[in-house]
Amino acid sequence: MRDFMRKHQLMLHVTLMILALLVLFPIFWVFISSLKSQSDFLSGYFWPQKTWHIENYWKAFAGEEGIIRYYLNSICFTVISVGIGLFIATLAGYALTRMGFKYGPVIFMMFLVVLMLPPQISLVPLFRIFQSLDLLYTPFSLLLPYIFAAVPLSLFLTYGYFRALPKELDEAAIMDGANHWQIYRLIILPISKPVLATAVIISATGVWNEYLLASIFMRGSTFETLPVAVVRITQNRLIPNYPLDFATSILAFMPLIILFIFMQRFFIKGISGGAIKG
Amino acid sequence: MKNKYLPWIFIAPALAFFGMLVVYPTGYGLSLSLHYWDGLSDYMDFVGLENYARLLSDSDLHWAALNTLIFVVMTAFVQSLLALFLALAIESVRSSRMRSFYRVVFILPALISAAITGLIWSYIYNPNFGLLNDILGTNISWLGNDNIALWSIIFANFWQWTGWNAMIFCAGIQSLPSETLEAARMDGAKGFNYFYHMIIPLLRYTIIVVVVPSFINGWKVFELIYVMMNNAPTERTHSIATYLYEQITMDIGYATAIGYALTVFVFIMVMFYIASNKDLRKG
């Protein structure tokens, strides 16, 4: 199969290019449409007529129904919860794999089960818990679940990676008088960059894009997150303006694409080292 | 150095969150699932297992389960197979610069929120100004027609996730022992045989890493359908999760029972799959 393909590089490129076009074209259409006026868009021309309405982006970002505030909300939620979540997960991952801890696999399995729970079943209980703690509609009602959401996934990725690192690393450090905290912070974390980058991308994507909890715990509040705000704004416009909807959508997913392009070098290494070989 | 409490201290934060956000809500939810509660009144009516019995006779739920089953079969199995072919194609490209180009391009859709993907695709499928009808020169209501709406949703999911899964396969293919593959090729392994008897068995663990999460997420599918159907899925497009969500406003006990039944079912299926796999049992 691969053999056959190696002999037919040209055919391979043509096929992959067609598929790439299929993947990119909807995004390209959204982008071109975001630069039209509403009447251009409805008249069915592919390219914008007369002018390119770049100001749509400014309107979508900072205009009357601009998303600038939700941007800041989402950035705060993502940075805080991914940061804390990753710290908690790697600390646990270290203890489970490198301290000769006999309950390691059991606790690891326990966290894996969490990945299977549909978020809907904890919705009402969480709502009630936050209600009784008076945390509803405050940032904490989202931060706590988001921090935790990053934990099982990052644990899943780092567990295999940490376990595969040679034991001699720790032994040498212990000889030199290092304690576990120092080994974790100065040895294990620095050499785990690829898998940490993978964990950052996957958990940041998850938090940035989370919709269900945010739509219930934050809808219409000051701390509403980006996806909820985008869906609410675009579905509730009094006068439809589809190009503006497109500009809003593009602004909403752009930061993740930039993050990914910066970290993609580590990313592929991370999935092969962490989840696959582990 | 020997301190038997130290590991517990390192794990404590993770366990604290686990208790607060998993154990307690799950227990609380279990008790909710044994009650009738409209969510507004102070009074909850204990109904025992009645909610679970109702699962068996609720025909709307059965439709939702059938739709979700179709979605899962298509996204966890068909889509994973497509992703494997895509990955083999990408990894056969000789130029390493083009390989990374393809990897980046195909992964992009996976970074977009499912809610926003739903929004974008509802415009692409729009019968009046949608991209798809423009290209095909047709006038089909891709989401309005009950016979094709689910397939339109599945296609949008293919668009979003095939590349992501292909990327994980790429990582798996890169870690294959090249000597073994070389030896097999020397012995004349080719085409389908090479694929079926060499690639598939060697990628067993990677296949699990791709199929199990797709399987779990498939059963949980929510935003994509909910937003694409403009917050009002029909009998033929409801998933179990969107149906559960609708039930919350009517009877929280019943909605929670649906969630529990779903979780237990998915858990058993995944355990079966993992137990039937020799490598995973070992490690």
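Author: In this predicted model, 91 residues of chain A are in contact with 94 residues of chain B. Contact means heavy atoms within 4.5 Å. The area buried between chain A and chain B is about 8600 Å². Buried area is the accessible area (1.4 Å probe) that two parts lose on being put together, summed over both. Carbon and sulfur atoms give 80% of the area buried between these chains. Helix α14 (residues 242-276) of chain A gives the most to the side of chain A that touches chain B, with 16 residues. Helices (H or I, at least four residues) and strands (E, at least two) are DSSP runs, numbered from the N terminus.

What of the polar side? The rule finds 10 residue pairs in polar contact across the interface, both residues at pLDDT 80 or more. A polar contact is a pair of N or O atoms within 3.5 Å; within protein, one must be able to donate a hydrogen and the other to accept it, and residues adjacent in sequence count only if both atoms are side-chain atoms. Salt bridges between chain A and chain B number 0. A salt bridge is a side-chain nitrogen of Lys or Arg within 4 Å of a carboxyl oxygen of Asp or Glu.

Now chain B itself. Chain B has 14 helices and 2 strands. Its C-alpha trace spans about 75 × 70 × 30 Å along its principal axes. Of its 283 residues, 53% count as buried. Buried means under 20% relative accessible area, exposed over 50%, partly exposed in between (1.4 Å probe, protein chains only).

Chain B also carries a nonpolar surface patch. Its members are B:W63, B:L66, B:L69, B:V73, B:F77, B:V78, B:L81, B:L82 and B:F85, with about 720 Å² of accessible area together. Accessible areas come from the Shrake-Rupley method with a 1.4 Å probe; for residues, only the protein chains shown count as cover. Patches take residues with over 30% relative accessible area and no salt bridge; like charges are joined within 9 Å, nonpolar side chains (Val, Leu, Ile, Met, Phe, Trp, Tyr) within 5 Å. B:L81 lies in helix α3 (residues 59-92) of chain B. At a relative accessible area of 42%, B:L81 is partly exposed.

Residues are numbered from 1 along each chain as its sequence is written, and chains are lettered from A, ligands numbered from 1, in the order written. Local features need pLDDT of at least 70, side-chain atom pairs count only at pLDDT 80 or more, totals for chains, interfaces and linings use all residues, and side-chain values use heavy atoms, with hydrogens and water left out.
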